[in-house]
Amino acid sequence: MNANPLLPDTLFHLGPVPIGRAVVTTWVIMAALALFLPWALRNPSMKPGAVQAVLEIVVTTIARQLREILGRDPWPFMPLLGSLFIYLCLANLAAVFPGASPPTGHIETPAALALVVFLSVHVFGISSRGARRYLRHYLEPSPLLLPLNVLSELTRTFSLMIRLFGNMMSHEFVIAILVFLAGFLLPVPFLLLGIMIGIIQAYIFTVLSAVYIAAAVGAVEA
Amino acid sequence: MLIDWWTLAIQTVNFLVVVWLLNRFLYKPVRRIIEEREAADVRAVSEAKKKADDAEAAKADYEQKAAELAKSQRGLEAELHATMRKERDTMLEDARQEADGILAEARERTERERMEALEGLKEGIADLAGEMARKALSGHASNGEAQLQQVLSHLDGLSDQSLSDLRSDLEDTAGALEIVSASELGEAERQRWQSALERRLGNGARIVFSVDPSLIEGSELHFPHAVLSFSVADRLRQLSREMKPAHDA
C-alpha cells in the first residue's frame, strides 16, 4: 500500500504505461465478473436457483430504484447506472481483502467514472430530447445564466468525483493511521464501517448520476 | 495531488469494459428471463382469463339451457294440465250426459209408470164409478110412480115409533113436508104423492113440491127436522162415504 494515497500507486509499467494498484484491482474485478456471471447465468431458468435468484433480485432492485428516480423505463440506463453501482460496490469493498486497496481511493478512478457520467448525461440528453432542445436548456430560464449553467455542469461532476474520492481516501487514511498506531486488530471495526461507507458511497454516486441523467432526458415519459 | 492520466484513461476504458461485461452477461440474460417470466405470467393470466371466459360461457350456456329446460318443463306442465283439464271436462261432460240420460230415462220411466198408474187408476176409477153407478141405480125407481112406491115402501117399513116421530115433527112444528124431486112431477103424480103420504103421515101434513136437478134421479122428503132421501145423489154420497175408509186403508 502506498503511504500517500494522493500519489499514484504504480506497481509496474507496460512499456510507457504505468499500471497502478487501482488498475490491477479493477482488472481483478473484471476478471471475476467475466468468470462468475457466465457461470452463474449459464442456464437461466424460469425457476431460478439461489445464485440466479440473488442476481435477479440485485438487478430488479436496481431497476426499480432507477425507475423511481428516472420516472421512466430504466432498462436503457441500466448498463451505465447499474454498472456504476455494482462496480463501485465491488471496488469500495476491495479494501477488505489484504493487499488490495479500493480503486476509488485514488483520484483517477472517480475521475474516470465522473467523466463517463458527464459524457453520458449529454449523450442521453441529446438522444432523448434532440441537440437543439437539449442545448437550449442551458439558456433557461435566462441566457444570462448560461455561464452559471455550464459552471454548474462542471462543478457537479467535479463534486461527484471529489465526494467519492474524498470519502474513500479519508477512510484509507484512517485505516492506515490506525494500523500504524494500534496494530492489526483494532482497524477491524473500521473495516466494517468501511464496508458500509463503500456501499453508501456507491449508492450516492449512482443516485446522483441518475438524477443528472433524469434532468437531462427531461420530462417523465407517458 | 497528482493525476496519472494513463491510469485515468485505462480506468475509463476498464469501466466501459465493465459496462459491456455486465450488460452482456448480467442485464441482458436477467432481463430476458424476466421478460420470459412476465410473458409466461401474461400467458398464464390470458389462459386463466380464457378459462374463466370459457367457464363463464359454459355457465351462461348452462343457465340458458336450464332456462330453456325450465320453460319446456313449464310448457309440458301447462300442456299436461290442459290435457288433464280437457279430459276432466270430457269425463264430467260424459258423466253429466250419462246422468242426464239416466235422469231422463228415470223421468221417462217414472212418467210412463205414472201414466200407467194413472191409466190404471182411471180404469179403477171408471170401474169404481161404474160400480157406484150400478150400486146407486140398482133397485132405484126411475119414474114418479116407482119413486112413490119406493118412498111408501120405506115408510111402511118404518117402526110405529119412527113413523109417529115423523108425524109429531110435522104436527108440533106446524111445518111443511117438502117433496124434492130431480124432475118436475106432474099434477096427477103430485095428487098421488099427496094422498099416499097423508094416509101414512096424517091429514094435517102440509105438502109442498120442489125440483132439485142435483138429486140426479129420485126424490127426497124434507121434514122440519129430518130428511128421507131416496135420490141417486144421496146414494152416491153414501157409497162414497162407504168407500173412503176402505180406500184410505
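UniProt positions are given here in the numbering used for this structure, with feature names shortened, and such annotations may be inferred rather than shown by experiment. With that in mind, UniProt lists residues 45–112 of chain B as "coiled-coil region" in an unreviewed entry. This is a predicted model, where local features need pLDDT of at least 70, side-chain atom pairs count only at pLDDT 80 or more, and totals for chains, interfaces and linings use all residues. Residues are numbered from 1 along each chain as its sequence is written, chains are lettered from A and ligands numbered from 1 in the order in which they are written, and side-chain values use heavy atoms, leaving out hydrogens and water.

Helices (H or I, at least four residues) and strands (E, at least two) are DSSP runs, numbered from the N terminus. Residues 45–112 of chain B are 100% helix and 0% strand, with end C-alpha atoms 96 Å apart. The unreviewed UniProt entry also marks residues 6–27 of chain B as "transmembrane region"; that span is 100% helix too, and its end C-alpha atoms lie 30 Å apart.

Now turn to chain A, which has seven helices and two strands, in the order β-β-α-α-α-α-α-α-α along the sequence. Its C-alpha atoms fill a box of roughly 60 × 50 × 40 Å along the principal axes. UniProt (unreviewed entry) places "transmembrane region" at residues 20–41, 77–97, 109–127, 173–196 and 202–220 of chain A. Among these, residues 109–127 of chain A are 100% helix, with ends 27 Å apart between C-alpha atoms, while residues 77–97 of chain A are 71% helix and 0% strand, their end C-alpha atoms lying 31 Å apart.

How much of chain A is buried? Of its 222 residues, 43% count as buried, meaning under 20% relative accessible area with a 1.4 Å probe and protein chains only.

Finally, look inside. A cavity is a set of points on a 1 Å grid over the protein atoms alone where a 1.4 Å probe fits but cannot get out, and lining residues have an atom within 4 Å of a point. Residues lining the largest cavity include A:R21, A:H106 and A:E108, along with B:D4 and B:T7.

How values were computed. 1 Å grid on protein atoms, 1.4 Å probe; cavity = no way out; pocket = protein on both sides within 12 Å on 5 of 7 lines; lining within 4 Å. Buried < 20%, exposed > 50% of the residue type's maximum accessible area, 1.4 Å probe, protein only.
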